[in-house]
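Visitor: I am new to this structure and would like a close look at a single part of it, the place where its chains meet. Please take me through that part slowly, and then show me what lies behind it.

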Amino acid sequence: MNKRSQGLLISLVLLLLVMTILALGIGAVEIPAAQVLRILAQQLGWPMANPPDAGQITVLVEIRAPRVALGILVGAGLAITGATIQGLFRNPLADPGLIGISSGAALAAVSVIVLGATVFQGLSSALGAYTLPLAAFIGSLLVTGLVYRLAKLEGRTDIATMLLAGIAINALLGAATGLLTYAANDTQLRTLTFWLMGSLGSATWTQVLTTLPLILLPVLVLPWFAPALNAVLLGEAEAGHLGFNLERIKQVLIVLVALIVGTAVALTGVIGFVGLVVPHLLRLAFGPDHRLLLPASALLGASLLLVADLIARTVVNPAELPIGIITALIGGPFFLWLLNRYRHRSF
Amino acid sequence: MLSTEHVSLTIRDKTLLKDLSLTIKPGEVLAVLGPNGAGKSTLLKLLSAELKPSQGQITLNAKPLTAWTKAEQARLRAVLPQSSRLSFPFSAEEVVMMGRIPYRHSHTHNQNRQAVHAALQIAHVEHLAQRLFTSLSGGEQQRVQLARVLAQLWQVDSEQARYLLLDEPTSALDLAHQHHVLGLAQHLAKTWNLGVLTVLHDLNLAALYADQIAILKEGQLQTYGEPQTSLAPSHIQQAFAVEVEVMPYPLQVNRPLVITQRPNFNQFTTLTL
């Protein structure tokens, strides 16, 4: 890896650190950055003459920290997923939200929320905290496989087919989700509505820690596939000529992607466009090499989601906006700009 | 040697290749000719392990092709595709660097960079190295891809014979580069002891640069041998259904020159008028 790439990754790590400290400090109870650092140091066992305010510690450790941790996980996961499927589909417009992967996960999760008490009762009690992530994983896995199959034509994926398949699947799943809302009671309905638009608000440490490996492991594993994804950009046959067993690699990648998206959706609902915007910005500035793109996407995605969450929970203070609205407000126009750009030249 | 032994391929009751036996020898250029749909590309896909034969066997350096792992094959055989659909903004140099992917663990970054540099030079695309691949013309892209497959066979630290498969390498090239590419293939066959197979449409390019010529028709090997014997008028007329005359190539020993007659449209004149 050359100096420029190293420099970029280091700056992205620093950016993420700064965003984390800001996100931990900003909110209804303001905690200055210096104080945030002191509380973190104290929590890590650093001896301190006059310990920080107990109220601030509770807010930071119990309320903000799990939320920030969740934001980092989900942001990193969604962004690296976007970069991965764009490479796998050889198509820069692929995004887990646009092509229906998130909806697949959402439908499966909604089914469990609404029908969990009745139809899936045995299942829910057996799997506990993992029920929702598992259901969402299966939902996203099915949709990813389906879209891939539909859009693939003579060894390449057709952009139009893929996006149209995404529209159809999104519509279908939206309808099914809508139907389920009729079956839901009032409490379930409120959970559903907020959750379908995405939110980090439900974060607790138990939840974050139980599901942490389901996102963290795939995020750490995916960069190993960077050379294969680079070769895939040349063409699927060419990747085979360069020594990759592409069928196997595809299967593994689809499972990893579904694992990340499924878990992310189960935890935070549908947060769109992160997977589209982040890899694109990085590609524009630093080129399409996945060895840099994958880790850089994870880092920038985490920072971006922290910013989006900051906006979501401060802009209509004391109430809170669903974060999916913020990412869609940023991502929608970005996508249109991208389409226009694509009309005129390559990416 | 890279050989097909009595290879047939049938897909959905359609026979694409039938009982085909030919051999790519290290140090030689084998040109594969034939009309459209004769099975030239299919043959290339079999040799590059994209497709498996329904019957017969393919051997690479005396072992069945399937006994080599994909990664091992990538160090022994490179394939130049007919055209490229790369739509992501890699620089030409980065594209050539991908030819070194099979050596990412076994060679140092510097060794791989040297190979890329050398490949860019011999493919005459050094001046394009920093350009975006997507902004190059079709011919320039083809030459950059050639540099990539040359980098893949460069400096491999192996005693095994290596093979280069070219699918219509001259299709997008101007006159000078057509001859440069095939001359280069011939030169590398000799100096690197490389086995080269190239699919071609131009009979005279094949006549000038190939050591062996195979003509395919309807999935079968119709003629196979040295240019002088395989490019006999009767063979060409049978395979391509055109009238030709063959004479010695001026100033070239043992190279035939094929002169094609214009087709006769007189029979249609009553229809068009």
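**The interface of chain A and chain B**

Guide: Between chain A and chain B an area of about 2200 Å² is buried, and carbon and sulfur atoms give 66% of it; buried area here is the accessible area, taken with a 1.4 Å probe, that two parts lose on being put together, summed over both. Of the area that chain A buries against chain B, A:L234, A:H241 and A:L242 supply 32%, more than any other three residues. This is a predicted model, in which local features need pLDDT of at least 70 and side-chain atom pairs count only at pLDDT 80 or more, while totals for chains, interfaces and linings use all residues. Residues are numbered from 1 along each chain as its sequence is written, chains are lettered from A and ligands numbered from 1 in the order in which they are written, and side-chain values use heavy atoms, with hydrogens and water left out.

Counted by contact (heavy atoms within 4.5 Å), 24 residues of chain A meet 26 residues of chain B. There are 0 salt bridges between the two chains, a salt bridge being a side-chain nitrogen of Lys or Arg within 4 Å of a carboxyl oxygen of Asp or Glu. Polar contacts, however, join 4 residue pairs across the interface, both residues at pLDDT 80 or more; such a contact is a pair of N or O atoms within 3.5 Å, where within protein one must be able to donate a hydrogen and the other to accept it, and residues adjacent in sequence count only if both atoms are side-chain atoms.

On the side of chain A that touches chain B, helix 10 (226–234) and helix 11 (236–241) each supply at least two residues, and helix 10 gives the most, with 5 residues. Helices are DSSP runs (H or I, at least four residues), numbered from the N terminus. By class, this side of chain A has 10 nonpolar, 8 polar and 6 charged residues, where Ala, Val, Leu, Ile, Met, Phe, Trp, Tyr, Cys and Pro count as nonpolar, Asp, Glu, Lys and Arg as charged, and the others, Gly among them, as polar.

Turning to chain A itself, residues of helix 3, including A:L70 and A:V74, meet residues of helix 12, among them A:K250 and A:L253. The residues of that contact divide into 13 nonpolar, 4 polar and 1 charged.

Over all chains, the whole structure has 8 salt bridges. In one salt bridge, the side chains of A:R67 and A:E320 meet at 3.0 Å, N to O. This pair links distant parts of the chain, 253 residues apart, with A:R67 in helix 3 and A:E320 in the loop between helix 14 (290–314) and helix 15 (323–344) of chain A.
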